[in-house]
Amino acid sequence: MTFFSVLLALILEQVRALSTHNPVYNLVRSHAAHIARTFDAGRHKHGVLAWLAVVVPFVLLVGVVYFLLMKVNFVLGFAWNVVIVYLTLGFRQFSHYFTDIHVALNKDNPNEAREILRQWIGIDTVDMPVDEVVRHTLLHAVIASHRHVFGVFFWFLMPVGPAGAVLYRISEYLSRKWNEDAPDRSVAFGLFAKRAFYVIDWVPARLTAIGFAIVGNFEDAVYAWRNYAKQWPNENEGILLAAGSGALGARLTGPLAEPSSVDALNIGDDAVLPVGSDCTPRTLQAAVGLVWRAVLLWMLLLLMLTLAVWLG
C-alpha cells in the first residue's frame with residue numbers, strides 16, 4: 001500500500017501542484033505563529049513547549065485518523081495515505097523557480113534569471129555572474145528536493161506512516177521559520193526547533209546523499225562528502241550539498257567555489273582538490289536528471305520491499 005500511495009501522490013502532484021497558500025498550510029502557519037507569540041518569553045524551555053504544542057496535535061490527529069480508517073476499511077486508509085503524502089510532498093512548490101531560471105538562461109536572459117532567484121531565496125543578485133546564478137540555484141534546489149521529497153519518503157515509510165510525513169514537514173517548517181530574524185522573537189526560542197529537525201533529518205539526509213552518489217558520479221560524490229561536507233554550519237545540509245556536487249560534477253562546494261552571498265560557506269584547505277567544473281546552464285538540466293533518477297531509485301527499492309512483504 002505504501003508504494004502505491006507514494007506513486008499516486010507523485011502523479012497527482014505532477015498533474016495538479018498544491019498551492020503554497022492552500023488552507024491546510026495556512027492553518028499550520030497561523031497555528032505556529034499564534035503559538036510563537038504566546039510561548040516566546042526568551043527562554044529555551046519555552047521553545048520546547050511551543051514546538052510540542054504545534055507538532056504533537058497535528059501528528060496525533062493524522063495518526064489517529066489513519067488508525068481509525070484502517071479499522072473501518074482498507075481503501076479509506078489508503079486514500080488517507082495518498083492525501084497526506086500529497087499534502088506533505090512539494091516537488092512543484094520549488095521546481096517552478098528552478099524551471100523558470102533554467103528557461104530564462106536558455107533564452108539568454110540572465111537579468112530575468114537573477115530576478116527569479118532573488119524572489120526565491122531573497123539574496124542580492126544584481127550583477128551576479130551567470131555561473132553564480134546557476135550555483136545558487138543548484139544549492140537551493142538540492143536542499144529543497146531533499147526536504148520536499150526524499151525526507152518525506154523516509155518518514156512516511158516509518159511504522160507511524162502518514163504521521164511521520166507530517167512530523168517531518170512541520171518540523172522542517174518550524175526549524176526554518178522560528179530561526180528567521182524577527183524583531184519580536186528571541187534567539188533562544190527557535191533553538192530547540194532547529195535541533196529537533198537536525199535529529200529528525202539526520203538519517204534521511206544521509207540516505208538522500210547516498211542516493212545521489214549511486215545515480216550520479218559515485219567516486220566524486222564520496223570524495224566531496226568526505227572533504228567538503230564540514231564547510232557548512234549545518235552538517236546535514238553540508239552532506240547533501242557535497243554529495244550533490246560530486247554526483248553532478250559541478251563545483252558547488254570546495255576551495256574554488258566562490259562564496260558570493262552564501263554567508264554560510266567556509267573556505268576549506270586549498271590543498272584539497274576541487275570537485276567538478278564550473279556551473280553552467282547545462283548543469284541545471286543535469287540536476288533535473290539526477291533528482292529524477294534518485295526518485296526512481298527509491299521508488300524501485302520501495303517496490304521491491306513491497307513485493308517482498310507480499311510474497312513473504
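A residue is termed buried under 20% relative accessible area, exposed over 50%, and partly exposed in between, with a 1.4 Å probe and protein chains only. The model toured here is predicted: local features need pLDDT of at least 70, side-chain atom pairs count only at pLDDT 80 or more, and totals for chains, interfaces and linings use all residues. Residues are numbered from 1 along each chain as its sequence is written, and side-chain values use heavy atoms, with hydrogens and water left out.

**The whole chain**

Helices (H or I, at least four residues) and strands (E, at least two) are DSSP runs, numbered from the N terminus. Along its principal axes, the C-alpha trace spans about 60 × 55 × 35 Å.

Buried residues account for 48% of the 312 residues. Among contacts between residues at least 6 apart in sequence, 72% join residues at least 24 apart; contact here means heavy atoms within 4.5 Å. Switching to a surface view shows an accessible surface of about 15,300 Å², 63% of which belongs to carbon and sulfur atoms. Accessible areas come from the Shrake-Rupley method with a 1.4 Å probe, and for residues only the protein chains shown count as cover.

**The nonpolar patch**

Next, select F4, L7, L8, I11, L12, V15, L305, L307, V309, W310 and L311, which form a nonpolar patch on the surface with about 1,100 Å² of accessible area together. Patches are made of residues with over 30% relative accessible area and no salt bridge; like charges are joined within 9 Å, and nonpolar side chains (Val, Leu, Ile, Met, Phe, Trp, Tyr) within 5 Å. Helices α1 (2–15) and α13 (281–311) each supply at least two of the patch residues, and α1 gives the most, with 6. Centre on L7 in helix α1; L7 is partly exposed, at 32% relative accessibility.

**Salt bridges**

A salt bridge is a side-chain nitrogen of Lys or Arg within 4 Å of a carboxyl oxygen of Asp or Glu. By this rule, the count is 8.

Select E115 and R118, whose side chains form a salt bridge at 2.6 Å, N to O. Both residues lie in helix α6 (residues 110–121), 3 residues apart, about one turn of the helix. E115 is partly exposed at 33%, as is R118 at 37%.

Proceed to E235 and R206, where the closest N and O atoms of the salt bridge are 3.0 Å apart. E235 belongs to helix α12 (residues 235–248) and R206 to helix α10 (residues 202–215), so this pair ties together parts that are 29 residues apart in sequence. E235 is partly exposed, at 38% relative accessibility, whereas R206 is buried, at 10%.

Then display R147, R169, E172, R176 and E237 together: salt bridges link them in a network.

**A buried glutamate**

Finish at E132 in helix α7 (residues 130–157). E132 is buried, at 3% relative accessibility. Its side chain and that of R135 are joined by a polar contact of 2.8 Å. Such a contact is a pair of N or O atoms within 3.5 Å; within protein, one must be able to donate a hydrogen and the other to accept it, and residues adjacent in sequence count only if both atoms are side-chain atoms.
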